[in-house]
Amino acid sequence: MNTPRTAPTLGTLLFLAIVMALGLYFTFASVQGDYGLFRRIQVESEAAELQAERDALQAEVAALRNKTKRLSDDFLDLDLLDQQARDVLGLVRGDEVVIR
């Protein structure tokens, strides 16, 4: 037995329109929003850059600590002292020739 098909009522169409609008809104928010995928990728990229910068700074601090230790009273590296005197004070030995 065939029943005649009726057109969807206004309430059904309104319900479907609201559901579609909410679905589109939440999809957009999950991709473009403050806590969306694009923001997460940006934050992870910034974190990787900051970690690389931190590692470089840690290496620089370690090098400076090593140089400080080598110039301390407890452990004096004469070669480093000579190099620093030449660089900072511009000292040269009498038997050396300076070319600029």
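Colleague: How are helices defined here, and where is G23 placed?

Modeller: Helices (H or I, at least four residues) are DSSP runs, numbered from the N terminus. G23 has its place in helix 1, residues 10-32. This is a predicted model, in which local features need pLDDT of at least 70 and side-chain atom pairs count only at pLDDT 80 or more, while totals for chains, interfaces and linings use all residues. Residues are numbered from 1 along each chain as its sequence is written, and side-chain values use heavy atoms, with hydrogens and water left out.

Colleague: Why does G23 count as partly exposed?

Modeller: Buried means under 20% relative accessible area, exposed over 50%, and partly exposed in between (1.4 Å probe, protein chains only). G23 has 35% relative accessibility, so G23 counts as partly exposed. The C-alpha atoms of G23 and P4 are separated by 32 Å, with the two residues 19 apart along the chain.

Colleague: Why is F26 called exposed, and what is I18 called?

Modeller: F26 stands at 53% relative accessibility and therefore counts as exposed. I18, also placed in helix 1, has 46% and so counts as partly exposed.

Colleague: Which residues make the nonpolar surface patch?

Modeller: The patch is made by L14, I18, L22, Y25 and F26, and its area is about 550 Å². Patch residues have over 30% relative accessible area and no salt bridge; nonpolar side chains (Val, Leu, Ile, Met, Phe, Trp, Tyr) are joined within 5 Å, and like charges within 9 Å. The accessible areas come from the Shrake-Rupley method with a 1.4 Å probe, and for residues only the protein chains shown count as cover.

Colleague: How many aromatic pairs does a search of the whole structure find, and why is the pair of Y25 and F26 called edge-to-face?

Modeller: The search finds 1 aromatic pair. The ring centres of Y25 and F26 are 5.3 Å apart and the planes stand at 65°, so the pair is edge-to-face. The rule is that rings of Phe, Tyr and Trp (its six-membered ring) pair if their centres lie within 6.5 Å, with planes under 30 degrees apart counted as stacked, over 60 as edge-to-face and the rest as tilted.

Colleague: What lies over the face of F75?

Modeller: K69 lies there, at 5.6 Å from the ring centre. A charge sits over a ring if NZ of Lys or CZ of Arg is within 6 Å of the ring centre and within 35 degrees of the ring normal.

Colleague: What makes the contact of D77 and R70 a salt bridge?

Modeller: A salt bridge is a side-chain nitrogen of Lys or Arg within 4 Å of a carboxyl oxygen of Asp or Glu. The side chains of D77 and R70 meet at 2.8 Å, N to O. D77 lies in the loop between helix 2 (37-70) and helix 3 (78-89). D77 is buried because its relative accessible area is 19%, whereas R70, at 27%, is partly exposed.

Colleague: How many salt bridges does the structure hold, and what separates D82 and R86?

Modeller: The structure holds 4 salt bridges. In one of them, D82 and R86 have their closest N and O atoms 3.0 Å apart. These residues are 4 apart in helix 3, so about one helical turn separates D82 and R86. D82 is partly exposed at 35%, and R86 is partly exposed at 23%. D55 also forms a salt bridge with R54, the closest N and O atoms being 3.2 Å apart.

How values were computed
Helix = DSSP H or I, 4+ residues; strand = E, 2+ residues; numbered from the N terminus.
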